[in-house]
Amino acid sequence: MTPFDRLSPSYDELLRDPIRERFTGHESAFFHRRKADLIRRFFRRQRQASSSLRYLDVGCGKGELLQLLQSDFKETAGCDVSSGMMKEISGIETRVQEDRLQIPFGDAEFDLVTAVCVYHHVPPPRRAALTREVTRVVRPGGIFCMIEHNPFNPVTRLIVSRTPVDADAILLPAAEARQLTAYAGLASLEQDYFLYFPQTIYRYLGPMEALLSKVPLGGQYALFSGKHR
Ligand SMILES: C[S@@+](CC[C@H](N)C(=O)[O-])C[C@H]1O[C@@H](n2cnc3c(N)ncnc32)[C@H](O)[C@@H]1O
């Protein structure tokens, strides 16, 4: 049984935090929607239609991002070390990762692979091996997108320090994420910081966040890397 199998029955309850809720209102959907939008915007900027692409979310948890992006891609799949986290996902292929460092899919099967808030739960000495394994399932010319908490944002650090789900978390700065992907042979394409404003303010000032995307202070960051053809 993995730590997330134990946490999964009360996962949403364990994430509740007054500071976090000041940011999102009473639902985490805001966080997932922002990530889905970042991924859509990336493909728009690359002038690449995602509708013919195959997408895998590694460490997909309860599958919220997969559900949001399912209709954007030709095929969508998820995997996670915790079967408990994935048990309510329906209508999307999911596979349990029996080994933390082995992704249960074949070589070069996916055009896009994401790992969202997974790496801070992976002990630092194992992160390079996980990144090599992620790279294995990306097709040449495909994309790996890592989204992580930004340790330079004090509110992020405070929320992580109070959240039981993050008891084992060791946050990684974007520089470490870039180093991991570079060691795995991927080329950095784009890095965006986001989650500067709470949902209530984002509604009005959303476009301003795009202007801040290169300032390394947002609550989280997304690193898009490409696999050489
Ligand atoms: C904080 S949750 C994030 C879930 C989801 N990605 C999201 O953003 O809501 C972290 C997830 O990563 C999974 N996980 C941890 N280590 C992993 C690994 N080595 N490979 C795949 N999944 C892993 C956990 O089981 C858990 O479901």
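Predicted model: local features only at pLDDT ≥ 70, side-chain atom pairs only at ≥ 80, totals over all residues.
Axes are lines fitted to C-alpha atoms, for helices over the stretch in contact, and the angle between two of them is taken between their N-to-C directions.

Two packed helices are described by the angle between their axes and the distance between the axes. For helix H7, spanning residues 124-137, and helix H9, spanning residues 174-183, the axes come within 8 Å and cross at roughly 50°. On the H7 side, the contact is made by Arg127, Ala128 and Thr131, while H9 contributes Leu180, Thr181 and Tyr183.

A second stop on the tour is Leu38, found in helix H4, which covers residues 29-45. Leu38 counts as buried because it has 20 C-beta neighbours inside 10 Å, and 20 or more are needed for that label. Setting aside neighbours within four places in sequence, Leu38 is in contact with Asp192, Phe194 and Ala222. Leu38 and Ala210 lie 172 residues apart along the chain, and their C-alpha atoms are separated by 9.9 Å.

Finally, the ligand is surrounded by 19 residues, of which Phe4, Gly59, Gly61, Ser82 and Val116 are the closest. The shell around the ligand is made up of 10 nonpolar, six polar and three charged residues.

Terms used:
Residues numbered from 1 in each chain as written. Near = placed C-beta within 6 Å. Nonpolar A, V, L, I, M, F, W, Y, C, P; charged D, E, K, R; others polar. Axes fitted to C-alpha atoms, helices over the stretch in contact; angles between N-to-C directions. Helix = DSSP H or I, 4+ residues; strand = E, 2+ residues; numbered from the N terminus. Contact = placed C-beta atoms within 7 Å. Buried ≥ 20, exposed ≤ 12 C-beta atoms within 10 Å, placed from the backbone.
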